[in-house]
Amino acid sequence: MMAKPLVVIVMGSKADLEHCTRIAEACAAYGIETAMRIGSAHKTAEHTLKILHDYEAEARPKVYITVAGRSNALSGFTDGAVTAPVIACPPPSEAFGGADVYSSLRMPGGIAVAVALEPANAAMLAAKILGLVDPSVREQIRASQERAAQKILTDDARLQETLIGAEKRG
């Protein structure tokens, strides 16, 4: 039997906890276990490497989601230390006119970090990756997509009813 998939959420500081909690909640909706850790590529490199090596030693499917703003070295640092996929999900920021997001988008050659700016989207991308090896996660994705589609269809039907009712009154 295959080990249950895991999303490891690594935040650069405690200030990112609320953002990370939203990622973890979205992962839970797909039935994915999460672990949250704090580690900085700049300030605690050895500690962060130990965290990553400990999770890498676990023989289970996993995806890392990194949450760091400003100078996002954490995502590239993580990707260079692990073999599993890494998704950067930087917290929203108006610092530098929002330009600090570029530190998540531009990585050196050989570092392949995906970027999702919304916590729910980062969780969904992780779920889609893990769904390649776990049919139960894949089914949760399918159910989520069906719920989203049904909501659009329901909203459209209600709008049409409202418009038709307005035409009859007008």
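Strand β1 (residues 6–11) is mostly covered, with 6 of its 6 residues buried; buried means under 20% relative accessible area, exposed over 50% and partly exposed in between, using a 1.4 Å probe and protein chains only. Keep in mind that this is a predicted model, where local features need pLDDT of at least 70, side-chain atom pairs count only at pLDDT 80 or more, and totals for chains, interfaces and linings use all residues. Residues are numbered from 1 along each chain as its sequence is written, and side-chain values use heavy atoms, with hydrogens and water left out.

**The chain as a whole**

- You get 6 helices and 5 strands here, where helices (H or I, at least four residues) and strands (E, at least two) are DSSP runs numbered from the N terminus.
- Going along the sequence, the order is β-α-β-α-β-α-β-α-β-α-α.
- The C-alpha atoms fill a box of roughly 70 × 50 × 30 Å along the principal axes.
- Of the 170 residues, 36% count as buried.
- Among contacts with a separation of 6 or more, 70% come from residues 24 or more positions apart; a contact means heavy atoms within 4.5 Å.

**Surface and charge**

- The chain's accessible surface is about 9,700 Å², and 57% of that belongs to carbon and sulfur atoms. Areas come from the Shrake-Rupley method with a 1.4 Å probe, and for residues only the protein chains shown count as cover.
- There are 18 positive and 19 negative side chains, and the centres of the two sets lie 1 Å apart. Lys and Arg count as positive and Asp and Glu as negative, while His and the chain ends are not counted; each charge is placed at NZ of Lys, CZ of Arg, CG of Asp or CD of Glu.

**Back to β1**

- L6, V8 and V10 point one way from β1, V7, I9 and M11 point the other way, and all are buried.
- β1 runs parallel to strand β2 (residues 33–38), joined by 6 bridges; two strands pair if DSSP finds at least two bridges between them.
- V7 has T34 as its bridge partner in β2.
- β1 also pairs in the parallel sense with strand β3 (residues 62–67), over 6 bridges, and V8 stands opposite Y64 in β3.
- Together, β1, helix α1 (residues 17–29) and β2 make a right-handed β-α-β unit. Right-handed means that, with the strands pointing away from the viewer, the path from the first strand over the helix to the second runs clockwise.

**S144**

- S144 sits in helix α6 (residues 135–169).
- S144 counts as buried because its relative accessibility is 17%.
- Leaving aside neighbours within four places in sequence, S144 is in contact with Y30 and M124.
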